[in-house]
Amino acid sequence: MELVEDIVIVGAGIAGLATALGLHRKGVKSLVLESSPTLRTSGYAIGTWTNAWHALDALGIGNKVREHHRLVERECLMHFSELASCSGMVVVLSASSGATSAELKLKGLQGKTGKHEFRSVRRDSLVEILAKELPKDTIRYSSKVVLIEDDGNPKLLHLADGSIIKAKVAVGCDGIYSAVAKCIGLKEPSFSGRLSTRGYAEYPTNHGFKPEFVVITGGGIRIGMLPNSERSIYWFFTWRPSKKDKVQQSMENMREFVIQKLTSLKVPNEIIQVIERSEMSQVFSTELKYRSPFSLLFGRIIKGNVCVIGDALHPMTPDIGQGGCMALEDSVILARYLSDAVYKGKIEEGLEKFANDRRWRCAEVVARAYIVGFIQQSSNWLLSFLREKVFARTLARALLKTPDYDCGKL
């Protein structure tokens with residue numbers, strides 16, 4: 001069986017669906033191939049900063065997403081004993097001393113591209129909103145790409161069920177271990193030396209937490225907690241494993257491991273109680289990987305009529321909360337260039353413009369995330385001292401510098 005399509009998007013995650021929606025808004029049809037039998041709604045939540053809201057507004061769904069997710073309005077400096085006294089904040093705490101080391105007031109804060117906006121958005125909610133905005137025949141499920149023939153144009157995409165799709169354009173939105181990235185020749189992402197566990201706690205009634213983003217760093221760990229809504233809380237825990245750590249990659253043991261780690265440090269009991277409440281099926285652990293900024297700057301990120309975006313292009317550590325935000329940026333910018341190129345019949349020229357537009361931006365954000373994570377989680381005594389006395393406010397400001405970016409309209 002052989003089909004012919006103009007634009008084929010591999011992966012129905014945030015990047016793939018947002019790109020398809022951007023093209024749809026511009027009157028360009030695309031086909032999204034998803035390996036799963038249904039829409040993938042796992043993944044808990046993503047920190048959604050100002051740059052992501054610019055992209056969501058460009059796609060025409062910003063307000064639909066805002067309806068169900070709370071706005072973080074401000075942050076304040078405090079000690080653990082003051083944890084419940086300040087509402088709507090981002091707080092950076094020291095795990096070694098228990099003292100607050102930085103604050104960022106977000107309410108009404110103006111950036112170069114407008115007022116800053118930060119919310120924790122449930123991934124399943126965002127994916128479902130994106131999918132509902134697309135024509136019904138856009139997504140083809142149970143369609144795993146196993147091979148992309150490198151010769152000729154259009155490209156031949158071979159699927160696991162034996163079918164072949166001829167595509168004038170192939171867009172890889174298939175994650176860190178992207179088959180499309182391999183076709184282009186991008187190197188495998190590098191291991192950062194850290195692991196990450198994420199969880200999600202739901203409450204039958206109001207959990208009582210105010211819209212606070214609490215981040216605790218140092219001592220080789222980084223933990224954050226942020227309510228999505230009045231009844232749900234997203235949390236993450238990243239650490240650099242030592243030889244003493246006997247961590248089995250199972251849901252049954254992971255929660256206990258995190259609780260033991262946090263109990264040994266000066267972490268507020270309120271946070272530990274959230275983790276204790278999380279369902280075991282909602283706790284998992286992954287390696288944190290990133291793509292070298294140099295490969296983004298000097299390597300091939302497109303090849304003829306094939307390109308990659310999102311995690312397939314720029315996997316990064318989560319230390320500045322920009323993975324999903326950057327994917328949304330990519331989607332709007334690619335849809336803009338690609339739709340114009342389709343109408344003009346200059347596909348490769350449009351993809352080249354996209355690559356030139358994104359190289360430096362992606363390399364800069366990946367590098368910044370890695371450096372921030374390295375400094376925040378270092379247990380070196382000198383870096384720990386500098387982090388708490390010198391770098392804390394600088395690191396906090398980095399959270400605002402990166403999202404102060406507008407990808408523009410479609």
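Helices (H or I, at least four residues) and strands (E, at least two) are DSSP runs numbered from the N terminus. The structure is a predicted model, in which local features need pLDDT of at least 70 and side-chain atom pairs count only at pLDDT 80 or more, while totals for chains, interfaces and linings use all residues. Residues are numbered from 1 along each chain as its sequence is written, and side-chain values use heavy atoms, with hydrogens and water left out.

The secondary structure of the protein chain comes to eleven helices and 19 strands. Of the 410 residues in the protein chain, 59% are buried, where buried means under 20% relative accessible area, exposed over 50% and partly exposed in between (1.4 Å probe, protein chains only). Contact is taken as heavy atoms within 4.5 Å. Among contacts in the protein chain between residues at least 6 apart in sequence, 73% join residues at least 24 apart.

H2 is largely enclosed by the rest of the structure, because nine of its ten residues are buried. The buried residues of H2 are Thr 50, Asn 51, Ala 52, Trp 53, His 54, Ala 55, Leu 56, Ala 58 and Leu 59. Helix H4 (residues 123–132) is also mostly covered, with eight of its ten residues buried. In H4 the buried positions are Arg 123, Asp 124, Ser 125, Leu 126, Val 127, Ile 129, Leu 130 and Ala 131. These residues pack against helix H1, strand S3 (45–48), H2 (50–59), helix H3 (62–66), strand S8 (119–122) and strand S9 (139–140).

Two packed helices are described by the angle between their axes and the distance between the axes. Axes here are lines fitted to C-alpha atoms, for helices over the stretch in contact, and angles run from 0 to 180 degrees between N-to-C directions. The axes of H2 and helix H9 come within 8 Å and cross at roughly 35°. The crossing of H2 with H9 is left-handed; a crossing is left-handed if the near helix is turned anticlockwise from the far one by less than a right angle, and right-handed if clockwise. H2 contributes Asn 51, Ala 52, Ala 55, Leu 56, Ala 58 and Leu 59 to the contact, and H9 contributes Cys 325, Leu 328, Glu 329 and Val 332. These residues divide into eight nonpolar, one polar and one charged. In this division Ala, Val, Leu, Ile, Met, Phe, Trp, Tyr, Cys and Pro count as nonpolar, Asp, Glu, Lys and Arg as charged, and the others, Gly among them, as polar.

For H1 (residues 14–25) and H9 (residues 323–344), the axes come within 8 Å and cross at roughly 35°. H1 passes H9 in a right-handed crossing. On the H1 side the contact involves Ile 14, Ala 15, Ala 18, Thr 19, Gly 22 and Leu 23, and on the H9 side Ala 327, Leu 328, Ser 331, Leu 334, Ala 335, Leu 338 and Ser 339. The contact of H1 with H9 comprises nine nonpolar, four polar and no charged residues.

Rings of Phe, Tyr and Trp (its six-membered ring) pair if their centres lie within 6.5 Å; planes under 30 degrees apart count as stacked, over 60 as edge-to-face and the rest as tilted. By this rule there are seven aromatic pairs. Phe 237 and Trp 239 are stacked, because their ring centres are 5.4 Å apart and their planes lie at 25°. Phe 237 is buried at 0% relative accessibility, and Trp 239 is buried with a relative accessible area of 0%. The pair of Tyr 290 and Tyr 370 is tilted, at 4.8 Å centre to centre and 45° between the planes. Tyr 290 lies in strand S17 (residues 284–290) and Tyr 370 in helix H10 (residues 347–377), so this pair ties together parts that are 80 residues apart in sequence. Tyr 290 is buried at 17% relative accessibility, whereas Tyr 370 is partly exposed at 30%. Ring pairs also link Trp 49, Phe 118, Phe 213, Tyr 234 and Phe 236 into a cluster.

A charge sits over a ring if NZ of Lys or CZ of Arg is within 6 Å of the ring centre and within 35 degrees of the ring normal. The charged end of Arg 119 sits over the ring of Trp 53, 5.5 Å from its centre. Arg 361 lies over the face of Tyr 405, at 4.0 Å from the ring centre.

Gln 322, in the loop between strand S19 (306–308) and H9, is buried at 1% relative accessibility. Apart from neighbours within four places in sequence, Gln 322 is in contact with Trp 49, Asn 51, Met 316, Arg 361, Val 365, Thr 402 and Pro 403. The C-alpha atoms of Gln 322 and Thr 402 are separated by 8.1 Å, with the two residues 80 apart along the chain.
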